[in-house]
Amino acid sequence: MPDGTADAVLVGQAYHWFDKERAHVEIARVLRAGGTFAPIWNTRDGSVGWVAELDRIAEIHDDAGDLTEKITDFGPAFDPVELGEFAHRATLTPDEVVGMLRTRSNWLTATPRQRQRVDSELRELFATHPDLAGRETVELPYRTLVFRARRR
């Protein structure tokens with residue numbers, strides 16, 4: 001892209017893979033003055049008991065607190081980082097929740113025995129947890145974190 005031609009650069013869930021020093025320079029190059037850079041994350045809301053148990057079983061460690069501590073600056077070309085947080089829910093069947101968890105790297109790289117354990121414990125969670133048992137669908141709560149800074 002030519003210099004200073006973008007109004008915004010948005011990154012969904014991938015910012016942690018960036019070589020930040022190099023990426024910030026390139027993002028600043030393509031943004032116009034006053035343009036916005038905004039990495040965005042969806043994290044399950046682990047403050048909800050059954051979601052915390054789901055994450056424990058699936059060995060997922062999404063921690064929004066870690067993100068807010070780690071993402072504080074995009075470099076000298078940007079104003080200070082601002083944080084927005086938004087709550088939402090996804091309506092899923094228990095099978096869809098399990099299917100979603102099976103796309104995560106920790107499940108994909110697990111041994112067959114580990115996968116069996118996770119699947120078994122997840123089935124038990126959905127069958128016995130008071131907030132989940134007998135339900136055809138569940139409301140999976142999320143927190144969306146948006147980090148934003150304007151190009152100087």
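Helices (H or I, at least four residues) and strands (E, at least two) are taken as DSSP runs and numbered from the N terminus. The structure is a predicted model, in which local features need pLDDT of at least 70 and side-chain atom pairs count only at pLDDT 80 or more, while totals for chains, interfaces and linings use all residues. Residues are numbered from 1 along each chain as its sequence is written, and side-chain values use heavy atoms, with hydrogens and water left out.

On this basis the protein contains six helices and four strands. Their order along the sequence follows the pattern β-α-β-α-α-β-α-α-α-β. The radius of gyration, taken over C-alpha atoms with a globule rule of 2.2 Å times the number of residues to the power 0.38, is 19 Å; this is well over the 15 Å that the rule gives for 152 residues, so the protein is more spread out than a compact globule. The C-alpha trace spans about 55 × 30 × 25 Å along its principal axes.

A residue is classed as buried under 20% relative accessible area, as exposed over 50%, and as partly exposed in between (1.4 Å probe, protein chains only). By this criterion, 38% of the 152 residues are buried. The accessible surface, computed by the Shrake-Rupley method with a 1.4 Å probe, comes to about 9200 Å², and 51% of this area belongs to carbon and sulfur atoms. Contacts are defined by heavy atoms within 4.5 Å. Among contacts in the protein with a separation of 6 or more, 83% are accounted for by residues 24 or more positions apart.

With Lys and Arg counted as positive, Asp and Glu as negative, and His and the chain ends not counted, there are 20 positive and 25 negative side chains. Each charge is placed at NZ of Lys, CZ of Arg, CG of Asp or CD of Glu, and the centres of the two sets lie 3 Å apart.

Helix H4 (residues 94-101) has as its buried residues Pro 94, Val 97, Val 98 and Leu 101. These residues cover an arc of only 95° around the axis, which puts them on the same side of H4; the arc is that of the directions from the helix axis to the C-beta atoms. An α-helix has 3.6 residues a turn, so residues three or four places apart point the same way. The cover over the buried residues of H4 includes helices H2 (49-58), H5 (105-108) and H6 (112-128), together with strands E3 (82-92) and E4 (138-150).

Phe 126, a residue of helix H6, is buried, with a relative accessible area of 8%. Beyond residues up to four places away in sequence, Phe 126 touches Pro 94, Val 97 and Val 98, as well as Trp 50, Leu 54, Leu 132, Ala 133, Gly 134 and Val 138. Phe 126 and Trp 50 are 76 residues apart in sequence, and their C-alpha atoms are 9.0 Å apart in space.

Ala 52 is located in helix H2 and is partly exposed, at a relative accessible area of 34%.

Positive phi values occur at two loop residues described here. Gln 13, in the loop between strand E1 (6-12) and helix H1 (20-30), has a phi of about 65° although it is not a glycine. Gln 13 is partly exposed, with a relative accessible area of 37%. Glu 59, in the loop between H2 and helix H3 (64-70), has a positive phi near 55° and is partly exposed at 44% relative accessibility.
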